[in-house]
Structure formats: structure tokens, C-alpha cells
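I'll jot down what I look up, one stop at a time.

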Amino acid sequence: MQHTISVLAENEFGVLSRVASLFSGRGFNIESLTVAPTNEDGMSRMTIVTRGDENILEQITKQLNKLIDVIKVIDFSDGSAIEREMALVKVTAEDESRAEVLRIVDIFRAKIIDVTPKSYTIEATGSPVKIDAILELLRPLGLKELVRTGAVAIGRGAKGWKG
Amino acid sequence: MKMNGARIMLECLKKEGVDTVFGYPGGTVINIYDELFNVKEIRHILPRHEQAGTHAADGYARATGRVGVAIATSGPGATNTVTGIATAYMDSIPMVIITGQVPTALIGNDAFQEVDIIGITRSCTKHSFLVRDVNDIATIMKKAFYIARSGRPGPVLVDLPKDVQIAQAEFSYPESVEIRSYKPNLVGHPRQVEKAVAMLLDSRRPVMYVGGGVGLGNAAEELTALARNLEVPVTTTLMGLGSFPESDPNSLGMLGMHGAYCANMAMTHSDLIVAIGARFDDRVTGKIATFAPHARIIHIDVDPTSIKKNVRVDLPIVGDVKDVLSKMIKQVDKHKDKVAVFKEGLAAWHADVAGWKDKHPISYKQSSTIIKPQYVIQKLRELSDDDAIIATDVGQHQMWTAQFFQFNRPRTLLSSGGLGTMGYGLPAAMGAQAAFPDRQVIAICGDGGVQMNIQEMATLVQNRLPVKIVILNNNFLGMVRQWQELFFDKRYSQTCMELPIDYIKLADAYGAKGFLATKPDEVEKVIRQGFAEKGPVIMEFKVAREEKVLPMVPAGASLNEMVLNA
């Protein structure tokens with residue numbers, strides 16, 4: 001079962017490595033991890049996409065909470081969060097494939113951010129599922145390089161994380 | 001008043017009431033040692049190895065309940081503390097370890113004696129701090145001590161670069177500490193407590209399963225009161241020994257791999273297990289799939305991650321065990337009628353337990369020609385003070401101590417339960433003796449483990465720490481040999497020590513006394529001689545070489561599949 005967890009943590013020296021080594025040391029899986037400062041001073045927010053059964057997910061959230069620098073752990077249940085991800089993709093685009101790439105970009109509301117006679121570089125944002133879908137279509141055309149941010153997530157509704 | 005960072009650190013220790021530290025000087029802590037010259041309130045004990053210093057701080061902490069403090073220099077000094085830190089972490093021992101670090105400007109440059117000790121110890125500390133500014137030392141030290149001793153205790157490392165020790169700042173120690181991201185839940189939920197008592201009074205075959213958390217949480221008195229009031233059988237883990245008097249008729253002794261038959265049978269047949277400050281370690285549960293098949297489980301622990309980590313739990317109570325047990329006692333008092341009925345209903349259960357106790361008590365075959373190690377342990381109990389503190393290494397002698405030395409008081413057994421660290425016993429005893437100069441402190445060791453920190457003999461003699469070292473010498477790494485005998489066709493690969501050591505001469509070389517017993521009728525005399533000495537002593541007992549620790553649950557077997565005689 002895939003799960004998305006948000007971790008609000010003190011922006012202290014080594015906090016990212018504490019979280020990362022907790023996952024590796026206890027054999028938990030990380031599919032993606034993003035981290036950046038938030039609107040609150042000294043606070044970072046990580047979004048971690050992980051995988052495991054119910055017991056493992058319970059241990060993951062408890063173990064994260066146990067880290068001294070972790071302020072809050074939010075385990076998003078299905079549908080309770082909005083997730084977005086960005087991908088930068090360099091694809092081969094020559095002759096007839098140039099038009100095909102442009103069509104795909106248009107359908108997915110992505111952007112061309114760099115052009116050469118032989119390639120396009122594309123910026124795509126959306127839910128991780130949408131990113132998967134555009135990549136699926138671009139792959140046969142010649143995918144030269146791919147970089148994904150990993151998902152970021154925020155809870156639905158009017159309430160902030162503090163309630 | 002302005003002072004340098006080194007002095008500020010020492011002033012922080014004074015504010016925390018630290019009276020003893022175990023430390024080893026070096027290039028990056030030389031400023032601390034220079035300041036220590038002027039600080040008379042802190043006793044500094046110089047071990048002969050940083051690992052031993054850390055174990056000594058751990059032994060000090062286990063025996064006293066206060067935070068143990070160790071100091072080491074950067075690089076190899078810091079890495080030598082790692083085993084000591086991991087030992088303390090696995091058993092939740094409150095400690096603060098202060099390591100020197102190369103100057104801030106050199107960090108990351110592979111400077112002389114530089115290691116990333118924060119990185120190395122990340123997974124075996126409760127928390128760690130790298131101090132980058134002299135003005136932060138006081139706050140960080142306050143936090144370090146608070147984190148080490150609160151909630152589920154543990155070791156905290158403070159890495160102090162040399163330039164920060166030299167820099168000057170005003171010293172003021174914070175009165176209180178507030179960490180927004182760290183608020184351990186100490187108060188047990190009243191409704192959970194009510195439910196727990198209701199479940200307990202509804203049960204017919206209850207067992208209390210007690211771990212190290214009860215002793216660490218200073219809740220032995222509450223536990224004993226509750227168990228005695230309800231007449232519920234109590235079994236403890238290795239770490240829990242002493243938290244419930246083994247002299248009590250309701251004590252089942254230790255459970256698990258080398259636990260008592262009656263304890264393991266009681267767990268297997270129980271309908272309600274109340275786990276208190278215990279974590280269902282694999283050495284306790286045996287095969288998880290068949291563990292306690294009939295029991296509902298109440299789990300009381302200050303650390304939420306311990307709950308439901310290894311076994312299913314029917315009723316979790318997160319909180320300080322002392323708080324939860326006090327509340328349970330009060331709740332039980334509200335139901336006097338129910339309690340009377342409950343106790344009457346326990347008759348059949350008590351009969352079952354008594355039957356198991358009679359059927360296979362912890363025992364051994366005495367010999368008139370060869371010293372049996374179990375006999376030495378029994379004699380030690382008989383001849384030692386009631387409040388004697390026992391430290392052990394890890395292996396057969398540790399299990400025999402757990403089985404045959406009846407522990408009746410909390411904080412009288414110092415043993416590396418979680419990590420299983422050989423070489424722990426001697427230095428841990430040293431730390432306990434430093435805390436209690438007038439109490440009898442006995443290090444029970446095998447001939448394997450004792451040699452891992454034998455250099456601490458020098459520290460004992462130099463500091464007049466009269467630790468009584470007992471060596472059960474079978475010239476084998478006995479526990480591994482036992483496994484090789486039982487599970488590897490007696491192929492004793494690298495477990496025979498071969499070279500006999502003259503421990504009497506060794507004691508003499510360090511300026512201590514040594515006594516040797518080779519026959520059973522010499523055991524008592526040697527113990528009496530050893531105990532009568534004012535200084536540190538080695539008592540060596542040449543014991544039956546291939547004696548086994550029994551009973552035994554083979555690794556991966558169920559608790560009720562005990563090897564009783566092999």
C-alpha cells in the first residue's frame with residue numbers, strides 16, 4: 001500500500017539525515033522524499049511517499065514522531081490530500097516527431113522550456129499519476145533525460161495542519 | 001561573567017548536579033581538561049579505554065538513576081565510545097556523552113582525528129547536537145540532559161568543536177527547557193486505565209510481564225504493591241530482574257530463551273498478559289506466531305513505538321509506568337468486591353503455576369569434584385550483602401546469574417540486555433562503585449568478556465574502587481560453544497581460548513589481590529577472602545568446562561518448546 005506522509009520538522013542541522021537513516025536503518029521503503037522550508041521560521045516540511053502494510057505504516061509514523069526534531073507527522077489517508085509533482089523531461093524531437101511531442105505537451109498542459117533542432121525540454125506538473133501518463137506517451141519518442149521532484153502533498157479543505 | 005566554552009560546559013555539568021564524569025583527554029578536549037583543573041566539584045575518573053569510560057557512565061546511571069556522563073576526544077576517542085553508546089541506547093539508559101571535535105573551520109576537511117561522530121552514532125543515540133556557537137552551549141546542555149532523562153531515557157551526544165571551547169561568552173544556565181517538537185506523553189489515559197483494570201479483573205489466568213522500564217521508571221514499589229494485592233504471577237525480562245522480588249511466592253523468575261519453565265508455560269497458557277515497560281524482544285517471545293496464543297495483551301509503555309512493534313496489542317497505554325501503575329492501584333481499590341471474587345477465581349491458575357514450578361525448577365547437578373558455575377552464583381548470593389550491586393558481561397555466566405542469583409531489589413543488576421555487549425561488566429561495576437563507594441559491587445564475568453576490558457583493573461586500583469571481580473573460567477566462549485554443541489555437531493570453531501591466563505598474577509601486576517578456586521570446597525573460602533579485602537579483587541573459579549545454560553528455547557522455537565536436559 002502506497003502512502004504519503006508529511007513531516008514537519010525543526011530546520012536543524014542533520015534533520016534530513018535523521019529521517020533518511022531512520023528509513024534505511026529500520027528497513028522502511030522511500031519511494032520519494034522532498035524537503036523545503038515552510039512559511040514558519042525554522043520549520044521544514046518533508047513529503048515522503050512510502051509503501052508498507054498497516055503495521056509498517058503505523059511504525060513509520062510512530063518512529064518519525066519519536067525523532068526529537070520532528071514537530072508533527074501527518075499520514076494522509078486515501079483522498080484526504082492533494083498531491084502534485086513536477087517533471088523536467090528532455091525528449092528527442094526531430095522531423096515528424098516534433099509535432100507529436102507538441103501535441104502531447106498541449107494535451108497535458110505542459111510547457112516547452114528549452115528547444116534545440118533535435119530536442120525539446122518539457123516541464124510538466126500534476127498529480128504523480130498524470131506525470132506517469134505523459135512519460136508513458138513520451139517514452140517511445142525517445143526520452144533522453146528525466147528528473148522528477150517527487151510528490152508534495154497538502155490536506156484538502158479549509159483547515160491548515162494546525163487545525 | 002565571561003568564560004570560555006570549555007568552562008561553560010563544565011559549569012553546565014555542575015548545574016545538572018553531576019558529581020562524577022568518566023573521561024579520557026586528547027587534543028580536542030584539552031581545553032576542557034585544562035578548565036577541569038580548577039573545578040573541584042566534579043570527580044573525574046580516567047579509564048584506560050574510552051569504551052570502558054562510556055560503560056562506566058552507563059553503570060553509574062543504571063545504579064543511581066541519574067544521568068551518566070562520559071567525555072572523549074575527537075576521532076578515535078569518539079569512535080571508541082560507540083559500543084558504550086549503543087549498549088546504553090538498546091537498554092534506554094540516560095547518558096550524556098561529550099566528544100571533542102576539530103575546529104569548526106576544519107570540519108569536513110578530513111582533519112587530523114576528525115570523524116563525523118554525529119553521523120556514526122545517529123542510529124544509536126536518542127539525539128545528538130553539534131555545537132557551532134559558544135553562546136549555544138548552555139541551552140544545548142540543558143536540552144541534552146532533559147532529553148536523556150525524560151520519556152524513554154537514552155544516550156545523547158554533544159559534539160563540541162575545539163574553537164567553540166576556546167571562544168568566550170557569558171554563562172547563564174536556562175531555568176527550564178521547552179522543546180516544541182519533543183513532548184513525551186507521561187500521563188496514562190484514565191479511561192485506558194479503567195479498561196485495563198476491568199480486563200485484568202475479568203481474567204482467569206493473568207500474568208504480569210515486566211521489563212526494564214519498571215526499574216528505569218522507579219516503579220518497582222508500585223508494581224510490587226499491585227501484583228501482591230491482586231496475587232497475580234509476575235515474570236520479568238533480564239532487564240526487569242529486581243523490579244519484583246524473586247523471593248515472593250508469585251514471582252516466576254525470568255522468562256524467555258533461558259527463562260524458567262514455569263514463566264514460559266504461564267505466558268503460553270495465560271488469557272491476559274499485562275506487559276509493563278517491556279518490548280517483546282525476540283529473546284523473550286520465541287517464535288512470534290505461536291507466542292501467547294490464548295492471551296489478550298495490555299501493553300503499558302512510555303514509548304509508543306514499542307507498542308504493536310512485534311506483537312498485536314489489545315489495550316495500549318502510553319505513559320510513565322509509575323503514573324499508570326499508581327492509577328491502576330487506585331482503580332483496583334474502587335472494586336474491592338470484584339477483587340475478592342477475582343482472587344478466588346485464581347485458585348486453579350495458581351495450582352497450574354505451582355505445578356510447572358515443581359515439575360521443572362531452575363536447577364543443575366552438583367558435583368563434588370568440579371566447580372559448577374551455578375554453585376558459585378548461589379554462594380555469591382548467600383555470602384553477599386542484600387543491597388550488593390551485580391554487573392555482568394554477556395554469555396553463559398550472565399544467564400546463570402539471572403537464573404540463580406535471586407534479585408530482590410531494583411537497580412541491583414547491571415547487564416547489557418539489548419545489545420549483549422561482552423566487556424560491559426567490569427567497567428559498569430566500576431561506574432556503580434564510583435557512585436556507591438560503600439556498597440558491595442560485584443562484576444561477574446566469563447573469561448572471554450573480562451579480557452575485553454581487563455585494562456580497567458588499573459582504573460579500579462588507582463581510584464580505590466573495590467570492585468570484586470568474579471571470573472567463571474571455563475576457558476571457552478561458553479555460550480557460543482553451547483550453540484556449537486547443540487546445533488553444530490560439537491564443531492568448536494574458534495571458541496576455545498586455549499591459552500590459560502594466570503589471573504592471580506594479572507591481579508598482582510595491577511596491584512590488586514587475586515584468589516583462585518579449583519575445587520567445590522574452595523568456593524566459599526575464596527568468596528569470603530575476596531569480600532574481606534578492602535581493595536579490588538579478582539576471584540577466579542575454574543568451572544566445569546562444558547556446562548550448559550538450561551533450560552533453553554532454541555532460536556526460532558516456541559516458548560513452550562524448551563530443551564530441559566540436553
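**Entry 1: the interface.** I started where two chains meet, in what is a predicted model. A:Lys66 and B:Asp303 form a salt bridge, and their closest N and O atoms are 2.7 Å apart. I then asked how many salt bridges the rule finds across the interface of chain A and chain B. The count came back as three. The elements of chain A that each give two or more residues to the side touching chain B are α1 (15–25), α2 (54–66) and β4 (70–76). The largest share of that side comes from α2(A), with five residues.

I also looked up polar contacts between the two chains, and nine residue pairs turned up, with both partners at pLDDT 80 or more. In plain contacts, 19 residues of chain A meet 18 residues of chain B. About 1,700 Å² is buried between the chains, and carbon and sulfur atoms give 49% of this area.

**Entry 2: confidence.** I checked the scores next. The model has an ipTM of 0.91 and a pTM of 0.96. For chain B the average pLDDT is 97, and 100% of its residues score at least 70.

**Entry 3: chain A as a whole.** I read off four helices and nine strands for chain A. Starting at the N terminus, their order is β-α-β-β-α-β-β-α-β-β-α-β-β. The C-alpha trace of chain A spans about 55 × 35 × 30 Å along its principal axes. Chain A has 163 residues, and 41% of them count as buried. I also looked at how far apart in sequence the contacting residues are. Among contacts in chain A with a separation of 6 or more, 72% link residues 24 or more positions apart.

**Entry 4: nonpolar cores.** In soluble globular proteins, nonpolar side chains tend to be buried together. I looked for that here and found a largest nonpolar core of 62 residues. B:Met208, B:Ile276 and B:Met328 have the most contacts inside this core. Leaving out residues up to four places away in sequence, I listed what B:Met208 touches, including B:Leu200, B:Leu223, B:Val234 and B:Ile276. Another core lies apart from that one, with 47 residues, among them B:Met430, B:Val441, B:Ile469 and B:Ile471.

**Entry 5: B:Leu414.** I picked B:Leu414, which sits in strand β16 (residues 413–414) of chain B. Is B:Leu414 buried or exposed? Its relative accessibility is 0%, so B:Leu414 counts as buried. B:Ile389 is 25 residues away from B:Leu414 in sequence, but their C-alpha atoms are 7.6 Å apart. The residues that B:Leu414 touches include B:Gly59, B:Ala63, B:Ile389 and B:Tyr424.

**Entry 6: B:Thr64.** This residue is in helix α3 (residues 50–64) of chain B. B:Thr64 has a relative accessible area of 19%, and since the cut-off for buried is under 20%, B:Thr64 is buried. A polar atom of the B:Thr64 side chain lies 3.0 Å from the backbone nitrogen of B:Arg66. Neighbours within four places in sequence aside, B:Thr64 is in contact with B:Arg411, B:Ala435 and B:Phe436.

Entry 7: I found B:Met257 in the loop between β11 (251–254) and α12 (261–269) of chain B. B:Met257 is buried, with 10% relative accessible area. B:Pro554 is 297 residues away from B:Met257 in sequence, yet the two are 7.1 Å apart from C-alpha to C-alpha. B:Met257 also touches B:Pro551, one of several contacts that include B:Arg283 and B:Trp483.

B:Pro551 is in the segment after β20 (537–542) of chain B. The peptide bond from B:Leu550 to B:Pro551 is cis, with omega near -5°.

**Entry 8: positive phi.** Most residues other than glycine have a negative phi, and most peptide bonds are trans. I noted two residues with a positive phi: B:Glu231 at about 55° and B:Glu498 at about 60°. B:Glu231 is in the loop between α11 (220–230) and β10 (234–236) of chain B, and B:Glu231 is partly exposed at 31%. B:Glu498 is in the loop between α21 (478–487) and α22 (503–509) of chain B, and at 63% relative accessibility B:Glu498 counts as exposed.

Notes
Residues are numbered from 1 along each chain as its sequence is written. Chains are lettered from A and ligands numbered from 1 in the order in which they are written. Side-chain values use heavy atoms; hydrogens and water are left out. A nonpolar core is a set of buried Ala, Val, Leu, Ile, Met, Phe, Trp, Tyr and Cys residues joined through side-chain atoms within 4.5 Å. Buried means under 20% relative accessible area, exposed over 50%, partly exposed in between (1.4 Å probe, protein chains only). Contact means heavy atoms within 4.5 Å. pLDDT is the predictor's confidence in each residue, from 0 to 100. Buried area is the accessible area (1.4 Å probe) that two parts lose on being put together, summed over both. A salt bridge is a side-chain nitrogen of Lys or Arg within 4 Å of a carboxyl oxygen of Asp or Glu. A polar contact is a pair of N or O atoms within 3.5 Å; within protein, one must be able to donate a hydrogen and the other to accept it, and residues adjacent in sequence count only if both atoms are side-chain atoms.
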